[in-house]
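Please look first at the sequence and the three-dimensional structure shown below. The report that follows begins with a pair of helices and then moves on to other parts of the chain.

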Amino acid sequence: MDSVVKNDKMENVENKYKKGRYKKDKLFFMIVFFLWAGMATPLVKFYSSEFPFILVINLLFLFYFYIKYKSNKIKKLFHFWGILILWYALICLKYSGIQKTDFTLFYSALIAFVGIGIFPKIREFFLYYEKVVIFLCLLSLIVWGSVSIFPAMAKVYDALAIYKTDGLVNSSFILVGYGHQMAGVFHRNLGFAWEAGRFASFIVFGIFINLHNHNLDINFIKNRSLWILIITLITTFSTTGFVVLAGVLLFYFYNKSVYSKLILLIIGVLIFPSVIALPFIGDKILENLDYNQEIDNMMFSFTEWGTISITPQRITGFYLEIQNFLHDPLLGYNINENSYMMKNLFKGFDVWLSDGILQIFSKYGLIIGLYFYYNLFRTSSYVSKVYQMKGKYFLALVFLLMSFSYDFWGTGLFFYITFYKFFNSKKGYNNESRSYCNNCCIQCRGND
């Protein structure tokens, strides 16, 4: 009976938020949240040396929302900043002088701090996340579909682009972009991000959130949003996306009945070999296994071809990050030019690693790294209690699978998620649920 009442209540509230109970300014902030994290162009980065004025605009943007929503977690912000300042002081002592440093974590914490004022409840954040990611996916499908059906549209997008990037050769319209990367005969859909794999990560996390918001309902009629996300994910042709999706599916199976688990497990065993056999997944994994060969190829590119900068593939990057951590375990290397990899292995040649699982340790040291993981697992456990889902560390698992290919710690969007419990340290879910439901007509479930 209780489950029936709960489902009826969920349906009533869901109908209310479907009728447009989202606030426009919150939707706008969530879009900017995504754009800062997607980093498609310098124009949408929080700080860009190419366009310094962007920082001023972004700070004014945050100030406006801070004044409007009055986040009361400023002590928490200063707490985190204090930890970083102490770490920086130790770095200066380590190198016997004032050092350059990366302020990414400083302003990511600031963004998350303002975000906590706008989205004080994780369920509200999840609902706005889903709403915006669906909007961005639909835009990307329009661009991707038009190029796939009418290849001549590629020249139109290139000609009309607001910003063009070299290297991967992307044409960006800020909210959506067109990339020249191919997967067989198809273009890879990069959406609002600078690369299709990064876009895929936001999508898969959106699938994870969607399953929470819709109580694991995968029915096409009742949950069309899920299938929009899945279709968009397919168009990215991203190895990262499909690997992370496996983690999301594991979460889904784990929360189903034993009978459902058995059926889905059998289907998974039958489908998994076919997925791995796809050229953009299986071949890519095999090519990346030999990290020693890739390191040799990188050195050849630097010395013989005059390559300026290289980002190695995931497995090689993971190996190099391990070396960085082993040689600077306590405080980390701080900035890339001080890393063991740059100074000793590549003799000053410019190499950038994209791994996020180990980089938080190798760059900032063991204590800071453990502090980040501690807060991630706290939030993950909290979300499972809020939505009454089994498996309290699945959010952490999905985030870490994404982080194998990209560093998301330093984005305001995911800093909000991973440090949610840091900013909201009060215990208990019933009181938070009552205050949330009394003030918001957006779908809720269980206790928050």
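The axes of helix 2 (residues 24–38) and helix 6 (residues 122–149) come within 9 Å of each other and cross at roughly 70°, where an axis is a line fitted to C-alpha atoms, for helices over the stretch in contact, and an angle runs from 0 to 180 degrees between N-to-C directions. That makes helix 2 roughly perpendicular to helix 6, since angles under 35 degrees count as roughly parallel, over 145 as roughly antiparallel, 65 to 115 as roughly perpendicular and the rest as oblique. On the side of helix 2 the contact (heavy atoms within 4.5 Å) is made by K26, L27, M30, I31, F33 and F34, and on the side of helix 6 by E124, F125, Y128, Y129, K131, V132, V133, F135 and L136. The crossing of helix 2 and helix 6 is right-handed; a crossing has this name if the near helix is turned clockwise from the far one by less than a right angle, and is left-handed if anticlockwise.

Helices here (H or I, at least four residues) and strands (E, at least two) are DSSP runs, numbered from the N terminus. Helix 2 is mostly covered, with 13 of its 15 residues buried, and buried means under 20% relative accessible area, while exposed means over 50% and partly exposed lies in between (1.4 Å probe, protein chains only). Helix 2 is followed by M39, whose phi is positive, near 50°.

## About the model and the whole chain

This is a predicted model, in which local features need a pLDDT of at least 70 and side-chain atom pairs count only at pLDDT 80 or more, whereas totals for chains, interfaces and linings use all residues. Residues are numbered from 1 along each chain as its sequence is written, and side-chain values use heavy atoms, with hydrogens and water left out.

The protein chain holds 21 helices and seven strands, and of its 448 residues 54% count as buried. Among the contacts in the protein chain with a separation of 6 or more, 72% come from residues 24 or more positions apart. With a disulfide taken as a pair of cysteine sulfur atoms within 2.5 Å, the count comes to zero. C92 counts as buried at 12% relative accessibility, and C137 also counts as buried, at 0%.

## A second pair of helices

Helix 4 (residues 74–94) and helix 5 (residues 104–118) pack at an angle of about 170°, with their axes 10 Å apart, and they are therefore roughly antiparallel to each other. The contact is made by I74, L77, F80, W81, L84 and I85 of helix 4, together with L105, F106, A109, L110 and F113 of helix 5.

## Residues with a positive phi

Most residues other than glycine have a negative phi.

I203 is in helix 8 and is buried, with a relative accessible area of 0%, and the C-alpha atoms of I203 and I230, which are 27 residues apart in sequence, are 8.0 Å apart in space.

L353 is found in the loop between strand 7 (350–351) and helix 16 (359–364), and counts as buried at 11% relative accessibility. Leaving aside neighbours within four places in sequence, L353 is in contact with P312, G317, L320, E321, N324, M341 and Q359. S384 belongs to helix 17 and is buried, with a relative accessible area of 8%; beyond neighbours within four places in sequence, S384 is in contact with M389, G391 and K392.
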